[in-house]
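Q: Please take a close look at one part of this protein. I would like a single connected account of it.

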Amino acid sequence: TDEYLELFSMIQEQTGRLSHLAEILLDMTGIQTIKRSETFSLAELTDEVLCDLTSIAEQKQIKLIQEDGDCTITGSYLLLYRAVFNLVENAIKYNHPDGSVHINIKDENGFALISIKDTGIGIAPENQEKIFTPFFCVDKSRSRTMGGAGLGLALVAEIAQLHNGTVYVSESDSEGSTIILKLPL
């Protein structure tokens, strides 16, 4: 019976993973039709993301810190919420216990820059562009145990592009990473 329980557990895990993958793929196929004409505060959006991720951060003993700064932007609140959520969630997942995630918003030359800086494991230079492509996982075994499908950051890149923006790794080393979501004002 132990073998059956183990098999059942594996099937349940795979089913959950496939269900999650299907959900993300559906998200990605429908996002072009979502209106991007709302005007809102990025500080309010990031504050909502941090509130929604507080319990996950607390479980990993990660401090979430929103710096002063704000920009008003026109776009889809829902899509940009999803993009920032994915970035902050990754910053938590790949962080060290007692680490931190800092969010900073600033206006620079007509663009809103949302900076997500973590104290995590870092991203190798050869992977810094690849992480935004669908199904790319830096460490497949680690992604599997953390529930990753390699689509979260690809979705962020797609959302940025739909808003005429971009997302990129601005710096990364063994002390952590900073990812910038750059959107036109």
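Is Cys71 buried or exposed, and what is its relative accessible area?

A: Cys71 is buried, with a relative accessible area of 5%. Buried means under 20% relative accessible area, exposed over 50%, and partly exposed in between, with a 1.4 Å probe and protein chains only. The model is predicted: local features need pLDDT of at least 70, side-chain atom pairs count only at pLDDT 80 or more, and totals for chains, interfaces and linings use all residues. Residues are numbered from 1 along each chain as its sequence is written, and side-chain values use heavy atoms, without hydrogens or water.

Cys51 counts as exposed, at 52% relative accessibility. A search of the whole structure finds zero disulfides (pairs of cysteine sulfur atoms within 2.5 Å).

Now the surroundings of Cys71. Cys71 is in contact with Leu42 (heavy atoms within 4.5 Å). Leaving aside neighbours within four places in sequence, Leu42 also touches Asp70, Ile73, Ile105, Ala112 and Ile114.

Leu42 and Ile114 are among the residues with the most contacts inside the largest nonpolar core, which has 39 residues. Such a core is a set of buried Ala, Val, Leu, Ile, Met, Phe, Trp, Tyr and Cys residues joined through side-chain atoms within 4.5 Å. Elements supplying at least two residues each include α2 (42-59), β4 (100-108) and β5 (111-118). The largest share, 10 residues, comes from α3. Helices (H or I, at least four residues) and strands (E, at least two) are DSSP runs, numbered from the N terminus.

Across the protein, buried residues make up 38% of the 185 residues.
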